[in-house]
Amino acid sequence: MLQCTAVTAVPYYEALLALATMEGGPEYPPEVLAPDEFLLCELGEHGDGVEHAAHVWTAQTVDDRDLWLFWAGTGAHRVHRLDVVRLCPAVLRDLATRTVTVCTYFDHHPGPHSFSVTDPLGELITERAETDPDTDTDSDSDTDTDTDEP
Ligand SMILES: [Zn+2]
Ligand SMILES: [Zn+2]
């Protein structure tokens, strides 16, 4: 499945306030968010009845709570909200390569998990990164984190 192509301007002051008040937020929110920043919906393609969702910030002190921007509609009809939500506990295990891929979406997100969604642009960037020997790849294949057990 392909990634949703919706893009929206960040509601800057609301986002700054959310970053400043969330647990584990950045020390100085204006440093991590630009006023003219645009956020991309990260979910797989979905219908109008489902909110778009973009990750804004990973909490630094709490393990699995991130700030996301949710929105529906476009232009003057856009409605949005900022929410600190739990992360999706789903993991994809590849027994052949012994790799574990975690879903990067929030808990109870609509549609398929992030590892089943293809971002055409993201793949281009990855391909380029792989041909560059200096790129530090973030490989966690040795750690066997199991989030679906209590
Ligand atoms: Zn979307
Ligand atoms: Zn998921």
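Is C41 buried or exposed? C41 is buried, at a relative accessible area of 0%. Buried means under 20% relative accessible area, exposed means over 50%, and partly exposed lies in between (1.4 Å probe, protein chains only).

This is a predicted model, in which local features need pLDDT of at least 70, side-chain atom pairs count only at pLDDT 80 or more, and totals for chains, interfaces and linings use all residues. Residues are numbered from 1 along each chain as its sequence is written, chains are lettered from A and ligands numbered from 1 in the order in which they are written, and side-chain values use heavy atoms, with hydrogens and water left out.

## Overall build

The protein chain has 2 helices and 7 strands. Helices (H or I, at least four residues) and strands (E, at least two) are DSSP runs, numbered from the N terminus. Along the sequence the order is β-α-β-β-β-β-β-β-α.

The protein chain has 150 residues, and 29% of them count as buried. Accessible areas come from the Shrake-Rupley method with a 1.4 Å probe; for residues, only the protein chains shown count as cover.

Contact means heavy atoms within 4.5 Å. Take the contacts in the protein chain with a separation of 6 or more: residues 24 or more positions apart account for 47% of them.

## The nonpolar core

A nonpolar core is a set of buried Ala, Val, Leu, Ile, Met, Phe, Trp, Tyr and Cys residues joined through side-chain atoms within 4.5 Å. The largest one here has 31 residues. L19, L33, V56, L67, W68, L82 and F106 touch the most other members. Two or more residues of this core come from each of α1 (12–21), β3 (52–58), β4 (65–72) and β5 (79–86).

L19 shows how such a residue is surrounded. Residues up to four places away in sequence aside, L19 touches G25, P26, P29, V32, L33, V56, W57 and L67.

L39 sits in strand β2 (residues 38–40). L39 is buried, at 10% relative accessible area. Beyond four places in sequence, its contacts are A6, V7, T8, V10, A54, H55, V56, L69 and W71. V56 lies 17 residues from L39 along the chain, and their C-alpha atoms are 8.1 Å apart.

V7 belongs to strand β1 (residues 7–9). V7 is partly exposed, at 43% relative accessibility. Together with F38 and L40, V7 makes a nonpolar surface patch of about 290 Å². Patches are made of residues with over 30% relative accessible area and no salt bridge; like charges are joined within 9 Å, and nonpolar side chains (Val, Leu, Ile, Met, Phe, Trp, Tyr) within 5 Å.

## Salt bridges

Side chains of opposite charge can pair when their charged atoms come close. A salt bridge is a side-chain nitrogen of Lys or Arg within 4 Å of a carboxyl oxygen of Asp or Glu. The count comes to 2.

| Salt bridge | N to O distance |
|---|---|
| R81 and E51 | 2.7 Å |
| R81 and D83 | 2.5 Å |

Why does the pair of R81 and E51 tie together parts that are 30 residues apart in sequence? R81 lies in strand β5 and E51 in the loop between β2 and β3, so the pair links those parts. R81 is partly exposed, with a relative accessible area of 34%. E51 is partly exposed too, at 31%. D83 counts as partly exposed at 29%. Shared partners join E51, R81 and D83 into one network of salt bridges.

## Cysteines and loops

C103 is buried, at 4% relative accessibility. The structure holds 0 disulfides; a disulfide is a pair of cysteine sulfur atoms within 2.5 Å.

S114 lies in the loop between β7 (99–102) and α2 (120–131). S114 is buried, at 15% relative accessible area. Outside four places in sequence, S114 contacts V102, C103, T104 and Y105.

H108 is in the loop between β7 and α2. H108 is exposed, at 74% relative accessible area. Its phi is near 60°, a positive value in a residue other than glycine.

R98 falls in the loop between β6 (91–94) and β7. R98 counts as exposed at 62% relative accessibility. Phi of R98 is near 55°, a positive value in a residue other than glycine.
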